[in-house]
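Subject: Structure handover

Hello,

Here is the structure for you to take over. Please look through it first; my notes follow below.

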Amino acid sequence: MRGESTWLLAWRRFRRSRLATFTLGYVALMTVVALLAPAIANRKPLAQKTAAGWEFPAVADFWINDPDIELPPSNPIVAYWPPVPFSPNSVSLGERLEAPGRVHLLGTDDLGRDILARMIHGARVSLTVGFFATAIALVVGSLLGAMAGYYGGASDWIVSRLIEVVLCFPFLFLVLGIVALFKPSMATIMIALGLTSWTSEARYIRGEFLRIRDVEYAQAARASGARDARIIFRHLLPNAVAPMLVSASFGVAGAILTESALSFLGLGVPLPTASWGSMLSKAYEHVEYAWWLITFPGLAIFTTVAAFNIIGERFREALDPRS
Amino acid sequence: MTTYIVRRLLYAVLTFFGITVATFVLIHSVPGDPITFFMGRAGLNTLTPATVDALRKEFHLDEPLPVQYLHWLRGAVTFDFGHSVIDRRPVRAVIFEKIAATFQLNFVAFLVAAGLGVPIGLWSAARSGRRAERASALGFFLLYSLPSFWVALLLIRFFSVRFDLLPLFGMVSDYHSQLSGWDRFADRIEHLILPVITLSYAQLAIFARFSKSAVTEVIRQDFIVAARAKGAGPVAVIWHHAFRNALIPMITLFGLTIPYLMSGSVIVEQIFQWDGVGLLYYNAILARDYPIVMALTVVTAVVTLLASVLADILYGFADPRVRVGEGNE
């Protein structure tokens, strides 16, 4: 038994909350949907048998960002279709702005694109941005925080001033500025979000390191000749991982929210790639009658963000010895 | 106390330089300069190289970056941010024209958020752990997860489209000038309601949560036990003993509210076509109007900085441990 007991304890406390377990399941489901999006919503069959043998047309879509609209010319003998037989970008002008029904479960937008298919593929954008932006923020934040807390003195002073500067800017001003002035793309958004939201992680790690840099095991490591890098990464940082997961969970929630806001403002992932935020800006144009355009993408953003927030909150409570 | 204030102010000066350098570097690391972008946008490829050079000279774009920075900084401290690249009006005039609208919106939103959020937080602290409190805590937590533009769309859908109770967008009606005094006021209020709700609900949740945890922190202390022991009721304990002490950390939170509200303003003003600096910033970003973008970024950051300095100084007055602790750190 090394560090497991703390984890196990927290996990058990976490599991005690039914809401937390449920939201964790929801997030897992969303992640699976995002990963398998081309196999869940696609106009092309998952597998088909033609005269030439078996083919898997939908599989190719895993490697391209915007699945193409053309269907391969083939005459399948047997075909297995994805559960949602529509691609996110296949325009169908005859089916514009259809209300939810038996064919299009959640309706269509003003180009006749299937809302459910677009939402399934939109989950990819949201979760990718959420996870990667948070990963960047965690790396930057914990490196700077560890440096400030471990060495103290001048490096602490510099990092603290840097945090103060970043906190003075309105968050969205900064992100909007970076994303719009450099080219809006998924990578720009992730970098912009990562580079602007590391401050809470840095502050947390700094405080944690100030507290634990001179505990016995750190002194022992130092006495046995370990270099600073080894002490920081091998001995101190692992002790701050669990609380970092808490802030990561909040971070993913915030990043998903900001990405959708950027897409809503037209400065997110470029069209026609489906994203929940840009679907809502379409909804704004048809606010008078197309209620389904507003309801479903908004619910997707809200439930996903809420799930990550709830997980973070319950995990924080599970780690808090006072609760 | 004087040492504490002086040190805080010195830090603020450093932070100010950090803010200006960060803004300047960010803008100038963007590929291409505003002149080339503007030419491309307006289709002004016919400009002679001489004219382009003259324009570059006017905006100091022909000089090395540190010199450009100093030029810009010298203007910035006297609140002279040059001219808008798009319509050539002074940046200062453009911002002054819009700032009142944003201030009005944000101030009302702040009052609503603090006026409802803080009492809710106190109530939650007093009723902590009970079923109603747990439910409301979760409710506020979910409130915080709602995307503001979705809330705005739902509000518009229900109040403006479905029931036609409130205006869709804008700050006043088209016929505003023909209204009499009282109706004018009512017209303004009607236009304020939806943007204020959109801007304040998340902040309300933050205030409720923060004031709850601040009060809860105080309740754990010995003097609260003493107050209870002498027979003070739950309301008296919260109001007279806990809340006053909890106010101190809340001062800091109020200072940090400014950037949050400004971020929210960009979205809210865009949706409701509220003619303030949030909308101005959005349009300036799209048009690459660098002088406006830089001025707005720096001005809001500096206002935030001043608010946080003020909060820290108030904090120092209210809590002697802060100014002593600062010296030891």
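Chain B, read along the sequence, runs α-α-α-α-α-α-α-α-α-α-α-α-α. That comes to 13 helices and zero strands. Helices (H or I, at least four residues) and strands (E, at least two) are DSSP runs, numbered from the N terminus.

A word on the source. This is a predicted model: local features need pLDDT of at least 70, side-chain atom pairs count only at pLDDT 80 or more, and totals for chains, interfaces and linings use all residues. Residues are numbered from 1 along each chain as its sequence is written, while chains are lettered from A and ligands numbered from 1 in the order in which they are written.

More on chain B. Its C-alpha atoms fill a box of roughly 85 × 60 × 35 Å along the principal axes. Of its 329 residues, 35% count as buried (20 or more other C-beta atoms within 10 Å of the residue's own, with C-beta atoms placed from the backbone). Take the contacts in chain B with a separation of 6 or more: 74% of them join residues 24 or more positions apart. Contact means C-beta atoms, placed from the backbone, within 7 Å.

Now the interface. On chain A, 35 residues are in contact with 36 residues of chain B. The elements of chain A that give two or more residues to this side are α5 (153-168), α6 (171-181), α11 (241-264), α12 (276-285) and α13 (291-319). The largest share, nine residues, comes from α13(A). By class, the chain A side has 27 nonpolar, four polar and four charged residues. Here Ala, Val, Leu, Ile, Met, Phe, Trp, Tyr, Cys and Pro count as nonpolar, Asp, Glu, Lys and Arg as charged, and the others, Gly among them, as polar.

α11(A) deserves a look. It is mostly covered, with 18 of its 24 residues buried. Just after α11(A), A:G266 takes a positive phi of about 85°.

Last, the sheet in chain A. It is open, with three strands in the order β2-β1-β3 and antiparallel pairing. Strands pair if DSSP finds at least two bridges between them. The edge strands are β2 (53-55) and β3 (78-80) of chain A, each pairing on one side only. Strand β1 (residues 47-50) of chain A pairs with β2(A) over three bridges. A:Q48 stands opposite A:E55 in β2(A).

Best wishes

Key: Contact = placed C-beta atoms within 7 Å. Buried ≥ 20, exposed ≤ 12 C-beta atoms within 10 Å, placed from the backbone.
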